[in-house]
Amino acid sequence: MKEKIEQLSREIAELKAASAAQVEELRIKYLGKKGVMTALMSEFRNIAPEDKRTFGQRLNELKNAVTEKIAHLKEELAEREDAEMEIDLTRTATQEPFGTRHPLSIVKRRIIDIFGAMGFTVAEGPEIEDDWHVFSSLNFPADHPARDMQDTFFIARNPADVLLRTHTSSVQTRVMEHTQPPIRIVCPGRVYRNEAISARAHCFFHQVEGLYIDKNVSFADLKQVLLYFARQMFGPETQIRLRPSYFPFTEPSAEMDISCQICGGKGCALCKGTGWVEILGCGMVDPNVLKSCGIDPEVYSGYAFGMGVERIANLVYKVKDLRLFSENDVRFLHEFDNAR
Ligand code: DAH
């Protein structure tokens, strides 16, 4: 038995394995139920009682040695595999295709740049909002249809009416709440409305809101800024037209049209024969809104405007189906490879 144990310990020290399967074979051979160690243990039973202590100890040592050796072989293999997976620096490089800017990002950037040149800075707010910032602070009456489930996605009705913002006008409130004028911001962002998806409507889209509050701000200032914007965006020949309208948060309110890009004002399918296409809503900030945000309407006045980025992109790129903007079909996106 003594020789057997010695021979086995030499054998074990020399063990090698080239694969996980070979390690497993060795484990079964030495430590398996019908393996070498089990056989030795049964021989141990026939050993003279006075020798039991010495041999028992040796057997234990041998068993530990096999167990450790097998664990060691396993580790070695894993390390070797890791090393083989290292990057092969001699491989030839492959050119990964470049992505492109999304047309909505391009248009959003251009809008921000145009207003940026006039001193407007960017302000952003959360898409998950509460009733106060989206409706109440902006002078929406309690029974306004926008507060209906059919128009707005509510997340929780109580206690604070948590909802997905339906317009970026909510960012106006967020900024006015903690800033005293002068305030000159544009607020780009995604908005949500409970609409059936079609070529002309989607349940989410993008807006850029503008807000200017200071002393002595007038409707004439608003008109000049919007004219400048329209000509930068659509070309120097562009004409604008302001039509009286209604928004709860502005008084007076207006909608702005630009002269049709396609027919130049003569009348075509895009402008439905009118020569004009609508691009945004605007107006003088209602004194109630200033008051609810802690700004004194006796001292300050201001204007606001809001436009849909998809709407502008439709006109700039002549995209007829709104759904193309969110489907991410690369054939569509690659058409904007060289757009700026
Ligand atoms: N919030 C309006 C909408 O989503 C757009 C708008 C209109 C914003 C007039 C304004 C504004 O700031 O003055 O339809």
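Let's start at Glu209: in this predicted model, one of its polar side-chain atoms sits 2.5 Å from an oxygen atom of the ligand.

Now, please turn to the helices. Helix α5, residues 103-116, packs against helix α10, residues 309-317, with the axes 9 Å apart and an angle of about 100 degrees between them. That angle falls within 65 to 115 degrees, so α5 is roughly perpendicular to α10. What kinds of residues make up this contact? They divide into 10 nonpolar and three charged, with no polar ones. On the α5 side you'll find, among them, Leu104, Ile106, Val107 and Ile111, and on the α10 side residues including Ile312, Ala313, Val316 and Tyr317.

Last stop, the sheet. We have an open sheet of three strands, in the order β2-β4-β3, with antiparallel pairing. At the edges are β2 (128-130) and β3 (154-156), each pairing on one side only. From one strand to the next, the twist averages 35 degrees. If you zoom in on β3 and β4, the latter being residues 162-164, you'll see two bridges joining these antiparallel strands. Which residue of β4 stands opposite Phe154? Leu163 does.

Notes
Residues numbered from 1 in each chain as written. Predicted model: local features only at pLDDT ≥ 70, side-chain atom pairs only at ≥ 80, totals over all residues. Heavy atoms only, no water. Pairing = 2+ DSSP bridges. Helix = DSSP H or I, 4+ residues; strand = E, 2+ residues; numbered from the N terminus. Axes fitted to C-alpha atoms, helices over the stretch in contact; angles between N-to-C directions. Parallel < 35°, antiparallel > 145°, perpendicular 65-115°, else oblique. Contact = heavy atoms within 4.5 Å. Nonpolar A, V, L, I, M, F, W, Y, C, P; charged D, E, K, R; others polar. Polar contact = N/O pair within 3.5 Å; in protein donor to acceptor, adjacent residues only side chain to side chain.
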